[in-house]
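Welcome! Take a moment to look over the sequence and the 3D picture, and then we can walk through them together.

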Amino acid sequence: MLTIDDDDVTSISGIYEYILDGKEKHLNLRKFRPKDIRAAYERQDGKCKRCGKTFAIEEKECVKT
């Protein structure tokens with residue numbers, strides 16, 4: 001679940017609406033361009049910073065738990 005402390009949330013005022021209807025559009029979530037994703041993937045050698053496992057770029061997506 002996303003919170004005020006989440007760096008991906010760029011619209012703090014949208015959190016109340018998100019809580020009420022569950023639609024992420026209210027949060028104005030930050031998006032990354034494919035070339036930025038590729039650059040970060042290569043910089044990290046395909047390894048997850050959290051768990052240390054190696055993933056293919058197609059599997060790579062940051063999921064906070």
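A disulfide is a covalent bond between the sulfur atoms of two cysteines. To be counted here, the two sulfur atoms must lie within 2.5 Å. Keep in mind that you are looking at a predicted model. How many disulfides does the structure hold? The count is zero. The sulfur of C48 has its closest cysteine sulfur in C51, but the 3.7 Å between them is too far for a bond. C51 itself is partly exposed, with a relative accessible area of 44%.

Now for the overall picture. The protein has two helices and zero strands. Of its 65 residues, 20% are buried. The accessible surface comes to about 5700 Å², and carbon and sulfur atoms account for 51% of that. Among contacts between residues at least 6 apart in sequence, 8% join residues at least 24 apart.

Charged side chains are worth a look too. The count comes to two salt bridges, listed here:

| Salt bridge | N to O distance |
|---|---|
| D36 and R33 | 3.0 Å |
| R38 and E42 | 3.9 Å |

In the pair of D36 and R33, D36 is partly exposed at 31% relative accessibility, and R33 is also partly exposed, at 48%.

Where do R38 and E42 sit? Both belong to helix α2, which covers residues 34–43. They are four residues apart there, so about one helical turn separates them. R38 counts as partly exposed, with 39% relative accessibility.

Definitions and conventions: Residues numbered from 1 in each chain as written. Predicted model: local features only at pLDDT ≥ 70, side-chain atom pairs only at ≥ 80, totals over all residues. Heavy atoms only, no water. Buried < 20%, exposed > 50% of the residue type's maximum accessible area, 1.4 Å probe, protein only. Contact = heavy atoms within 4.5 Å. Areas by Shrake-Rupley, 256 points an atom, 1.4 Å probe, with all protein chains shown as cover. Salt bridge = Lys/Arg side-chain N within 4 Å of Asp/Glu carboxyl O.
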